[in-house]
Amino acid sequence: MADPGKQSSPRRQIVNFAFFKVLPEWRRLSIAERREHKDEAARVLLRWDCEDMRVLTYTTAGLRGDCDFMLWRISYSLECLNAAHSDFMKTRLGGYLEVTHSFLGMTRRSQYLIGHERDERQASHSYIKPGGSKYLVVYPFSKTREWYLRPFEERQRVVTEQIKAAEEFRRVRMNTVYSIGVDDNEFVIALETDYLEDVVDMAMRLREVENSLHILKDVPRLACMAVPTEQMLERLG
C-alpha cells in the first residue's frame with residue numbers, strides 16, 4: 001500500500017532528438033512527386049503530435065552539412081517513440097532519408113540542489129515543457145569518471161558555481177535529459193532561446209568555471225530553427 005503522505009513522482013518522459021538528411025536523389029524527383037511526399041510526411045508527423053507524444057519540428061537547412069531537419073519527440077514510452085519513428089520512415093519521403101544523429105534520454109530530477117527549482121528556465125524536474133523559442137542548440141555530453149569519484153559535497157560546490165554562471169544568461173532556457181545507461185552519452189542539453197548570441201556568450205562564460213575541467217566530450221553541437229511542420233518540409237526542396 002502506498003504511503004498516503006508521500007507525493008507520487010511525475011512520470012518520466014522519454015526524449016529523442018533525431019536529425020535527418022535528405023538524399024540527393026529525392027531532389028531530382030519532379031515537383032509534383034516531392035509535393036505528394038511532403039504532404040504525406042506532414043500528415044504522419046501531425047498525427048503523432050498528440051496526447052501521447054509531442055513532436056516539435058526544426059530546420060537545419062544551410063546550418064550544417066550533415067542534416068536538413070530535426071524532430072524533437074517527447075513521449076512516455078519507448079514503444080510510442082518506436083511506433084512514431086516507424087510510421088514516419090514508412091512514408092515515401094522516409095525512403096530518401098538518413099538519420100545522421102539520434103540522441104535518446106529520460107527526464108530525471110537533479111541530485112544536486114539547483115537553488116531555483118521554481119525557475120522554469122531550468123528544466124530540473126522530471127518533465128520538460130519545450131517549445132516557444134526560435135532557436136535550439138542540442139548537444140550530448142559526458143563527464144569524466146574521476147568526477148563521480150569526488151565527494152558529493154565537492155561536486156555540489158562545482159555545480160553551484162556552474163549554475164550561477166548560467167544564470168547570467170536569463171534569455172536561455174536549459175533542458176537537461178539523462179542518457180546515462182541508455183545511450184552512448186551521459187546527458188543531452190537542449191538550449192532554447194530567441195537570442196542566439198546569448199548561447200555563444202554563455203558557452204564562452206561556462207568555459208571559465210571549474211566544471212569545464214570535468215567534461216569528457218560535448219560534441220556535436222547542432223543549431224536548429226523552430227518552424228511549423230509544413231514549413232520544415234517545404235524547406236527541404
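Modeller: **Inside the fold**

The structure holds zero disulfides (cysteine sulfur pairs within 2.5 Å). This is a predicted model, where local features need pLDDT of at least 70, side-chain atom pairs count only at pLDDT 80 or more, and totals for chains, interfaces and linings use all residues. Residues are numbered from 1 along each chain as its sequence is written, and side-chain values use heavy atoms, without hydrogens or water.

Take Cys67. Its closest cysteine sulfur belongs to Cys224, 6.9 Å away, so the gap is too far for a bond. Cys67 is buried, with a relative accessible area of 1%. (Buried is under 20%, exposed over 50%, partly exposed in between, with a 1.4 Å probe and protein chains only.) Cys224 is buried too, at 2%.

A core is a set of buried Ala, Val, Leu, Ile, Met, Phe, Trp, Tyr and Cys residues joined through side-chain atoms within 4.5 Å. The largest core has 25 residues, and Phe69 and Phe88 touch the most other members. Several elements give two or more residues to this core: β1 (14-22), α2 (31-48), β2 (53-59), β3 (69-75), α3 (78-89) and α7 (229-234). (Helices, H or I with at least four residues, and strands, E with at least two, are DSSP runs numbered from the N terminus.) Helix α2 gives the most, with five residues. A second core is separate: its 18 residues include Phe17, Phe19, Trp72 and Cys224.

Now look around Phe69. Skip residues up to four places away in sequence, and Phe69 has contacts that include Ala18, Phe20, Val22, Tyr58, Phe88, Leu97 and Met232 (contact: heavy atoms within 4.5 Å). Val22 is buried, at 2% relative accessible area. With residues up to four places away left out again, Val22 touches Arg27, Asp68, Phe69, Tyr96, Leu97 and Leu236. Tyr112 is elsewhere: its C-alpha atom is 41 Å from that of Val22, and the two are 90 residues apart along the chain.

Helix α2 also holds Glu40. This residue counts as buried, at 19% relative accessibility. Beyond its neighbours within four places in sequence, Glu40 is in contact with Thr91 and Arg92.

Next come the rings. Two rings of Phe, Tyr or Trp (its six-membered ring) pair if their centres lie within 6.5 Å; planes under 30 degrees apart are stacked, over 60 edge-to-face, and the rest tilted. By this rule there are 10 aromatic pairs. In one, the ring centres of Phe141 and Phe187 are 4.9 Å apart and the planes meet at 20 degrees, so the pair is stacked. The pair links distant parts of the chain, 46 residues apart: Phe141 is in strand β6 (residues 135-143), and Phe187 is in strand β8 (residues 187-193). Both Phe141 and Phe187 are buried. With Tyr139 and Tyr178, they form one aromatic cluster.

Charges join in here. Arg221 lies over the face of Tyr139, 3.7 Å from the ring centre. (A charge sits over a ring if NZ of Lys or CZ of Arg is within 6 Å of the ring centre and within 35 degrees of the ring normal.) The ring of Trp147 has the charged end of Lys143 over it, 3.5 Å from its centre.
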